[in-house]
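Here are some notes for a reader who is opening this entry for the first time. Please keep the sequence and the model in view while going through the points.

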Amino acid sequence: MIRYRTAPAPAETNIFAYCRYIVLWGLLLARPWAASGQPANSGTVSTLAGAPKQAGSIDGVGPTARFKSPHGVVVGADGAVYVADTENHAIRRITAAGVVTTLAGALGQKGQADGLGATARFAHPEGLALDAQGNVYVADAGNHTLRKVTPAGLVSTVAGQAGRAGRVDGAAPQALFNAPHGLAVGADGTVYVADTYNHTIRRISPSGTVTTLAGSPGQKGAGEGPGAQARFFHPSGVAVDADGALYVADNGNQTVRKITPAGEVSTLAGAARKKGSADGLGPAARFRTPSGVAVDGQGHLYVADYVNSTIRHLTPDGQVSTLAGHPLGWGSQDGTGDAARFAFPFGVAVDARGRLYVADTQNMLIRCVE
C-alpha cells in the first residue's frame with residue numbers, strides 16, 4: 001500500500017499521515033534483518049547532499065544543505081539532480097558538485113500558485129520527470145495536479161484542478177486526478193502519470209488531452225490484461241523505456257508491473273499482496289512497498305524498495321537482485337552493497353552512465369549509487 005492510509009483520504013486530509021503509519025508497520029513486521037543466503041550486492045553508496053536525520057530547508061553545498069522528507073528525484077543530461085522536497089513544498093536542484101539551490105517554490109510554504117521561482121507554491125510534491133527540453137514535471141500530490149517547471153524556474157499547471165480530487169479524463173485543464181505520485185515523459189512528449197488514489201495509469205498527450213491508459217478509476221486490485229481490465233493498488237512510481245513500455249511500482253500490490261505501448265498489463269516481478277525481501281526470478285521475488293522505479297538505456301530497472309530500505313535491480317526478464325542496502329536494516333551509512341544503509345528511500349533515478357540517485361526519505365538525504 002502507498003504511504004498514506006489504507007483507504008483514499010479526503011482532499012484536505014494530511015496525506016503524509018500514512019508515511020508515519022507505514023514506518024510503524026515496517027518496524028512491527030521486522031525480523032532480525034534478512035534471511036540467510038542473501039545474494040551479494042555490488043552498488044557503492046555515497047551521500048551527495050544533506051545530513052543524516054537533519055531535517056531543514058537550507059540551500060548550500062553537500063552536507064550543509066538540508067531537506068525535509070525528499071521523495072521524487074530525477075537527473076538531467078548535464079548531471080544536475082532535481083528533487084521533490086516534499087515537506088518543504090519545493091523543487092530543489094543539485095549540481096554535479098553538490099551545490100543545492102531551490103528552483104521553484106518557497107521552502108516550507110504550501111500553496112497552489114503558478115509563477116516564477118519563489119513566487120510559485122506546491123503542496124507535497126512527489127514524483128518528478130524531465131522532458132527533452134529540460135523542463136521538470138511535478139506530481140503535485142497535495143494539489144491533485146501536474147505541474148511544469150522550466151529551466152528558469154517558471155511554474156505552470158499542466159493538468160488537473162488545484163484542490164479538486166477526482167477521476168475525469170478530457171482536456172487537461174478540466175481533468176481531475178487523485179494524489180498523483182509518479183511521472184514519466186516519453187520520447188514523443190507524452191506524460192505518464194501514476195494516479196495513485198485512483199489506482200490507474202493516466203497519460204497526457206502533447207496536445208493536452210488526458211486519458212486513462214490502464215486500470216479502472218477507484219477499483220483497486222491486481223488483475224492483468226488490456227487497459228481497463230487491469231487493476232492496480234496505489235501505483236506509486238512509473239518509468240518509460242526507449243520503446244515506449246511503462247514500468248510501475250505497484251506499491252500496494254508489492255509488485256513491479258509492465259504496460260506495453262498498447263496498454264497490456266502484466267506483472268514483471270513480485271507476487272500480489274505478498275511482502276518480503278527475497279531476490280529471484282519474477283513471481284519468486286518479494287518487495288515491501290516498492291515506491292520508485294527507473295529504467296536505463298538497456299532496459300534494466302531500479303526500484304526503491306521503501307520499507308525494506310534497499311535498492312533493487314531487475315533485468316529485462318524480471319530477475320531481481322538487491323543492489324544496495326540490507327532488508328529492514330535501517331541506517332544512513334555509506335558503503336558498498338550490503339554494508340550501506342538507507343531509511344525508507346522513496347525515489348530513484350538513473351543517468352546515462354548508469355549511476356543511480358536516491359531520495360533517502362527518512363534520512364533527509366540524496367544518495368548516489370555507482
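1. Over residues 55–91, what are the percentages of helix and strand, and how far apart are the end C-alpha atoms? The model, which is predicted, has 0% helix and 41% strand over this stretch, with its end C-alpha atoms 16 Å apart.

2. The span 55–91 is one of those that the unreviewed UniProt entry annotates as "repeat: NHL". The annotation also covers residues 110–152, 177–207, 223–262 and 275–317. For residues 223–262, the content is 0% helix and 45% strand, and the end C-alpha atoms lie 17 Å apart.

3. V61 belongs to strand β2, which is made of residues 60–61. Beyond its neighbours within four places in sequence, V61 contacts A97, G98 and V99. V99 is 38 residues away from V61 along the chain, yet their C-alpha atoms are separated by 4.3 Å.

4. Five strands form an open sheet in the order β27-β1-β30-β29-β28, and the pairing is antiparallel. The edges are β27 (335–336) and β28 (345–350); each has a single partner strand, so one side of each is left without a neighbour in the sheet.

5. One of the residues to look at here is V350, whose bridge partner in β29 is L356.

Notes: Residues numbered from 1 in each chain as written. Predicted model: local features only at pLDDT ≥ 70, side-chain atom pairs only at ≥ 80, totals over all residues. Heavy atoms only, no water. Pairing = 2+ DSSP bridges. Helix = DSSP H or I, 4+ residues; strand = E, 2+ residues; numbered from the N terminus. Contact = heavy atoms within 4.5 Å. UniProt positions renumbered as here; feature names shortened; annotations may be inferred.
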